[in-house]
Amino acid sequence: MCSNGSGENGWTYVTGPSGQSLTAVLQAWHAGDGAAYGELFERAYGELRQIASQRIRSMGDSATLSPTELVNEAVVRVLGSELHWQDRNHFFASMSLCMRSVLIDRARARLSERRGGGALHVTLGQVDEGEESEILELLALDRALSKLEALDPRSSAVLHLTYFGGLARAQIADVLGVSTQIVDRELRFARSWLNTHIDTQL
Amino acid sequence: MKTLSADQFARVKALFDRLVDLPAADRRTVLDKLDEAPEVLAELHLLLGNTLVDDARYAGPVLAAMLADQPAAVSEGTVLGAWTLGAEIGEGGMGKVFAAERSDGHYEQSAAIKLLSGVASSQALRYLARERQILASLSHPNIARIIDGGSTPGGQPYIVMERVDGVPIDHFCAQHALPQDERLRLLIDVCGAVDFAHRQLIVHCDLKPSNILVTADGRPMLLDFGISRRLLESSAEDNNDDSATPAPRGTALTTSKAYTPRYASPEQINNDRVGTATDIYSLGRVMAELLGVPLDDRERLDLSSLPPDLAAIIALATAPVAGDRYASCAALAADLRRYLDHLPVSARPATVVYIGTRWLRRHWPWAAAGLAFVATIALFSWQMRAERDAALAAEQASRAVTGFMSSVFQAADPEVAGRRDLPVSELLDAGRDRLREQLQNQPLVQAEIAAILGGVYQSVGKRDQALALYDQAIVTLGAEPPPLLLADLLHRKAYTLFDLEDVSAAEPIARQALDLRQRHNADAAARVRSMRVLGTTLLYQGRREESQPLLEQALALAIESSGEESTDTARARLDLGALYGYYDISGELALEHGREAARVLEQIHGSDHPLYADALEVQVIGLNLIGDFQAAIPLARTVAEQRIRIYGERSPQAGHGLYIWAEAMGRAGHALDALPVSARALQIQQQLTGDDSFSVIAPLLQLAYLQFRCGLYESALASLDRLIQIHRRQQSAGSLDLIEAQFNRGRVLRALGRLDEAAEVTAHVLEQHRQNPETIPYLVARSQLEMAAVLRGLGRFDETQAQLQAIDRSAFGRDDWRRADLLLEQARLAAAGGRDQQALDRLLAGEALLESGLGAEHPEVWVERIDRAELLLRMDRPREAQELAAQIRIQAAPALAPDGLLQQRLDALP
């Protein structure tokens, strides 16, 4: 299980509108139910992967996948529709933090395995060219988000929730406690910033 | 690039927001005028030039990484908790099965591990974990025990269960070429195991041959109890109700269809509520398969090759509507045992009939004069629907309560928790006690759980305990209870009282519940249910005037909330249509509601659905009231055939279907055709409830009437004697139905020419009417008319005349044609006194009245003309007599038994 909080992965807290870190907000949300939360995360993540691979099988192309669609489907499957929609949004925002940390860890491991000859990690299998470039893109995205976070936590949070959380703008607005207009503005700025500053070179 | 300071960044962002929406030219104008640091301007230029939205570029790698992150598959050698997987030993719809050994070094144990394919929701998994304790307690010699369970690192749930060395039951039967009786014995054992589980509130939901293994020594073992169900269902829902509407399926987390279509019940396939009846259905299908019943191309059973009793058993087990099946697996097993012992199988317990007839006994008056038969049936099918609804509600309740119950199991009390075979009643009592102790400070929760627990008590027949719980919960709620919760409790209480047949106690409570629900805007479905319960309670008290507006309102609300094209609305129409029809309010309205309900039901459920037959029945009643008997016959016939097909011949439903059919033919004057159908209905009723049961009265009376109509007076007399005996045994002395039977007996005696006896009987009837405060003027008038006819036969013409003059004309009611009998009797008196011309005139007038009521083609109209033919002959007009007789022979044929007395009279004519 991943822990919520500062990561060793180069990105730290994502901050909400009041200056309180997003992580702290979410921790407060699931306070008192840690074990259940951990299990929920595992389930939701498994669910997400399951849906993603089903879609890929039926459509044959990951580009047709919308993260928002994916996440919302997974969250309904895992939490059911009886959970309040706000709780669902918070749950998935929270989950996206964990997911990002897991994905980045594993991406790094795969990359170092490939670059370092991978003698010890045969079980991870071959990494082909296409996958390498995707891994590099992923790591670059993570770095850029962390960098933006240092300058503008809210903007970074909006971007994170969009790409890793798969949340729609209304859901992001809900999680961050701001209006959708603000989310739109932040997103527009953050996208430009990301286009400008993303750097795929390690 | 130089890193911007926080202030500079803030400037950049503010300017970006200001500029990004401007057209390029304006942007440049503003930019040119800006007095900013060069780093800020440079950054701003970059950002404004990079506004392209390219989400796929960023989201794509995230998705790709997620997909690459799939967990390793489970295979031989994988360690799951304390278990190491061995070889794969099977693969089924639910997933792969592996042999497994305990590997935690504590002790050796082999087991089978079933990996459940598909992704179960976390909620379902948590539920499963909780259920494990209960499942583990499912200790029965024919059930493979669940030992453990969990989920793999990849999130795939698994179940560790007792390993059974056996072969699927269908293979076992084939391998050993087992004879039919042996197969049935195996199934009886299976039923016992399933029944055991049901009594612990656990259902299987995927019973099929491959889940029923038979060991080498011939012991059947059930696998996978409670698994598919737990995985398919979300947490318990507390929208249980004991009345009409199936609950909405809001939160069910159905991720995959974990049933096998061939054995799956309609409710599973339609994704409706499942319950113990679901297992009964599947058992029926398995049984059919083991007995070699062929399937048609739509996988429907073709039971025609089986012995009728066996076919009836399977038909009842696999009835399309859950509430119509056997009440329990134990009942199914009992019927199988009866079959093996060559005893008659009883399709269903007779509680329904009992309630219907009890009602009839209480509320005889309006149902008098032949309508009585029909009333039994009306209540019968109404009650059937109510029972079905109650069964559905009970099922929901039992599921809702399981969560709480499992906490009871896990309660700290070691004496309770340590016992494995805690019967459900003790479980319930433990739950009730726990409720009292632990939730004292949470009255709302306590009340809600009390409501659910009460529903379970109700469903297992412990209605007194249910009432006590409801009362306790109502007290707990205190002085200012949440109105809708209170309404729910009151509604349940009313229903339980209604179920206890304490309708007068149920009524004010039902009224209070409805009132609360209306004042506090409960959802429409709840209000409709309350209206129906109150309406029915009133109806059962014979308070039709109060019941009718409620049922009408229920229909209006059902239409408003669920629309015309809904089952709820159709049900409300059936209630109301039946009320209109059986209370003789309006045949047109009954017909209209019946037609509309039939249309909607056919569209939603198809014409094979039992509710569709109910809708036809309402139409039949409407048509009978309107007098369109000819149109009623084919519909009634369909009702009979449908019910026989759905429920089997030996079922109350089939019996009443035949009864309706005979009734329609009888009313149309086709007494001769109706006779065998009526006899069949009577026979079924006798087999179901015994020769002398109260429920036999209606079909026996019908048969007697038809025999009388055909001129089979001796048979009619025998039937009536039996009927009177049954009435006496049922202690209904002095009641109107007994008086009616005696009246009919007098009439038959007169037809047989036993006039002295007839006079005595009819005088007695009149005397009883005089003493009976509940009597009906029409019945008195008919008895006086009968007395007049007897006196005329005895030659006491003056007394006849006096008797006729004493009759209250208004007693015949709004239907002119009912007065025909009076005219005809006056005619016969005139003929007896030698006033032939006057007699002829009166006969013609009477016939005309009769024709206006029954139609010119009605055989009974023609039977009455035998008198005129005889008179014409005596008046020396043989040609006319001959012509008339020839016509009568043709037109009255459907009503004349060849060996009957009427036929003899006709034969005597030229």
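**View 1. H31(B) passes H33(B) in a left-handed crossing.** Left-handed here says the near helix is turned anticlockwise from the far one by less than a right angle. This is a predicted model, where local features need pLDDT of at least 70, side-chain atom pairs count only at pLDDT 80 or more, and totals for chains, interfaces and linings use all residues. Residues are numbered from 1 along each chain as its sequence is written, with chains lettered from A and ligands numbered from 1 in the order in which they are written. Helices are DSSP runs (H or I, at least four residues), numbered from the N terminus. H31 (residues 736-751) and H33 (residues 777-793), both of chain B, pack at about 25°, axes 11 Å apart. H31(B) and H33(B) are therefore roughly parallel (angles under 35 degrees).

**View 2. H31(B) also meets helix H32 (residues 755-771) of chain B.** Their axes come within 8 Å and cross at roughly 155°; axes are lines fitted to C-alpha atoms over the stretch in contact, with angles from 0 to 180 degrees between N-to-C directions. So H31(B) and H32(B) run roughly antiparallel (over 145 degrees). This crossing, too, is left-handed.

**View 3. Here's helix H8 (residues 180-197) of chain A.** Buried residues include Phe189(A) and Trp193(A) (20 or more other C-beta atoms within 10 Å of a residue's own, with C-beta atoms placed from the backbone).

Definitions and conventions. Helices (H or I, at least four residues) and strands (E, at least two) are DSSP runs, numbered from the N terminus. Angles under 35 degrees count as roughly parallel, over 145 as roughly antiparallel, 65 to 115 as roughly perpendicular and the rest as oblique. The expected span of a helix is 1.5 Å times one less than its number of residues. A residue is buried if 20 or more other C-beta atoms lie within 10 Å of its own, exposed if 12 or fewer, and partly exposed in between; C-beta atoms are placed from the backbone.
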